[in-house]
Amino acid sequence: MSLLSERSLSKEDKSNIITLGAIAKEEKLKDKSVVNATIGMLYDEDGKLFTFKSVDKALNLLTGDEKYAYASTPGSPKFHEALKKWVFRDDYELFKDNSCVMATPGGSGALSNTFANYANVNDKILLPNYMWGNYKQVAYENNQSFATYNLFDKNGNFDIEDLRNKMIELKKIQKRVLVVVNDPCQNPTGYIMKDSEWDKLIDVINELSADGTPIILLHDMAYLDYDHRGFIATRNNIKKYLKLNKSALVVMAFSGSKTFALYGVRVGAQIAVSKDKEVLNDFSRANKFSSRSKWSNTTNLGMSLITKIIEDKELKLEFERELEESRKTLALRAKTFLDEAKKVNLTTLPFECGFFITIPANNPEAAYEYLVKKKIHIIPMGNVLRVTISAISVNECKMLPKLIKEAIDSTNK
Ligand SMILES: Cc1ncc(COP(=O)(O)O)c(C=O)c1O
């Protein structure tokens with residue numbers, strides 16, 4: 001007999017990443033030669049969790065209050081301004097009065113609040129067909145479901161046509177659309193949308209919201225700061241939001257887990273951009289309510305750390321230098337993996353940079369089992385295998401493609 005409510009009977013965490021990650025971690029503790037390419041965290045070349053020295057320095061400068069006191073539900077104005085400075089950088093002045101920040105426990109909290117407040121019960125959230133699986137669970141938790149758009153067209157470019165068609169379909173039925181775009185360094189593919197693709201996306205949003213229909217773009221920017229092109233390229237796309245008309249709203253989901261490697265501290269934010277003050281006031285009011293009801297407030301520790309790093313000139317410079325180094329490490333791992341993949345004819349989905357490389361497979365579960373026997377742990381999901389290159393060394397990136405190719409070939413039969 002189950003005592004769960006009707007809706008909760010079917011609740012089961014389908015994202016196997018945490019479960020398989022825990023298995024891999026345990027195996028690695030027993031045997032150092034195990035390759036753990038599962039969970040999306042950055043590790044150094046010696047297999048230790050990567051931490052920024054500048055973040056540690058900031059930690060030592062915080063007072064007891066800054067670390068342990070309750071924070072206010074939306075987070076402090078200081079945190080809001082610091083985060084705006086970080087995300088908008090040179091365009092801070094352009095955006096500071098057209099944007100509003102709500103602190104959340106990681107990007108996950110930002111997704112949860114945005115789904116809850118910008119799509120109705122029973123609405124479908126529009127998600128990419130290759131995606132971070134937790135989006136689906138967030139939708140279910142909010143009494144919603146989802147539809148998908150093709151991330152890639154047949155040439156491996158962002159499929160704006162399919163996205164537009166799906167948005168039109170949902171607009172007809174729901175009279176509003178909430179669409180999720182995860183860029184740059186998309187999870188799981190590592191794709192980066194081109195400038196022209198961002199332009200087209202903005203055009204489509206403006207086209208469909210021109211009659212006053214609310215069109216909400218949830219820009220999941222978890223990997224924003226790992227784009228190998230650096231700050232200027234990523235912030236150029238953000239600047240395009242100023243072209244959106246009044247019934248369109250952008251909510252960015254910022255992750256302190258990824259940018260500052262503060263995974264377990266649980267800090268992030270929703271950052272809304274709109275020219276309409278009423279839209280921003282609504283955003284603040286409803287999301288404050290949601291946050292208060294779900295987690296009450298975000299960790300003061302996380303917010304104080306981020307504020308300190310951004311506001312202290314020297315710490316910020318040091319942090320940016322370290323970030324640049326970590327981007328280079330990731331780029332080297334990716335290049336090593338892709339060069340080897342080419343040699344052994346292992347196909348990957350379009351990749352530019354980031355924490356993951358994804359490989360199409362007919363039978364990912366069987367390939368996973370095959371690889372586990374060889375002490376290699378990656379993630380089977382849908383019809384792909386996801387390799388977390390942020391968690392493995394350059395040498396491991398060199399050795400993996402051949403073994404994955406073997407696994408796919410012997411399990412495709
Ligand atoms: C695409 C994407 N979005 C959001 C998140 C949420 O991360 P967090 O809640 O730790 O900020 C993740 C975490 O892996 C992710 O991969």
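Pro 188 sits in the loop that links strand S5 to helix H9, helices (H or I, at least four residues) and strands (E, at least two) being DSSP runs numbered from the N terminus. The description rests on a predicted model, in which local features need pLDDT of at least 70 and side-chain atom pairs count only at pLDDT 80 or more, while totals for chains, interfaces and linings use all residues. Residue numbers start from 1 along each chain as its sequence is written.

Strand S5 itself (residues 177-182) is largely enclosed by the rest of the structure, because 6 of its 6 residues are buried; a residue is termed buried if 20 or more other C-beta atoms, placed from the backbone, lie within 10 Å of its own, exposed if 12 or fewer do, and partly exposed in between. Val 177, Val 179 and Val 181 point one way from S5, whereas Leu 178, Val 180 and Asn 182 point the other way, and all are buried. S5 pairs in the parallel sense with strand S6 (residues 215-220) over 6 bridges, pairing being assigned if DSSP finds at least two bridges between two strands. Within this pair, Asn 182 is placed opposite Asp 220 of S6. Together with helix H9 (residues 195-209), S5 and S6 make a right-handed β-α-β unit; right-handed here denotes that, with the strands pointing away from the viewer, the path from the first strand over the helix to the second runs clockwise.

A right-handed β-α-β unit is also made by S3, helix H7 (residues 134-141) and S4. Strand S3 (residues 124-128) and strand S4 (residues 145-149) pair in the parallel sense over 5 bridges, and Pro 128 has Tyr 149 as its bridge partner in S4.

Antiparallel pairing is found in an open sheet of 3 strands with the order S9-S12-S11. Its edge strands, S9 (356-360) and S11 (379-381), each pair on one side only. Neighbouring strands of this sheet are turned by 25° against each other on average, direction ignored, where axes are lines fitted to C-alpha atoms, for helices over the stretch in contact, and angles run from 0 to 180 degrees between N-to-C directions. The antiparallel pairing of S9 with strand S12 (residues 384-388) extends over 5 bridges, and Leu 385 in S12 is the bridge partner of Ile 359. Helix H15 (residues 364-373) lies across S11 and S12 and runs at about 170° to S11.

The shell around the ligand comprises 13 residues, the closest being Gly 106, Gly 107, Ser 108, Ser 255 and Ser 257; a residue is counted as near a molecule or strand if its C-beta atom, placed from the backbone, lies within 6 Å of it. Helix H6 (residues 106-118) gives the most to this shell, with 3 residues. By class, the shell has 3 nonpolar, 9 polar and 1 charged residues, with Ala, Val, Leu, Ile, Met, Phe, Trp, Tyr, Cys and Pro counted as nonpolar, Asp, Glu, Lys and Arg as charged, and the others, Gly among them, as polar.

Individual loop and helix positions were also examined. Leu 224, located in the loop between S6 and helix H10 (231-239), is buried because 24 other C-beta atoms lie within 10 Å. When residues up to four places away in sequence are not counted, Leu 224 touches Pro 184, Thr 234 and Thr 259, contact requiring that the C-beta atoms of two residues, placed from the backbone, lie within 7 Å. The C-alpha atoms of Leu 224 and Gln 186, which are 38 residues apart along the chain, are separated by 9.5 Å. Lys 308, in helix H13 (residues 300-311), is likewise buried, with 21 other C-beta atoms within 10 Å, and, its neighbours within four places in sequence left aside, is in contact with Ala 58, Leu 61, Leu 62 and Leu 315.

Lys 175, in the loop between helix H8 (160-174) and S5, has a positive phi of about 65° although it is not a glycine, and is exposed, with 12 other C-beta atoms within 10 Å. Arg 266, also not a glycine, has a positive phi of about 65°; this arginine lies in the loop between helix H11 (256-259) and strand S8 (268-273) and counts as partly exposed, because it has 18 C-beta neighbours inside 10 Å.
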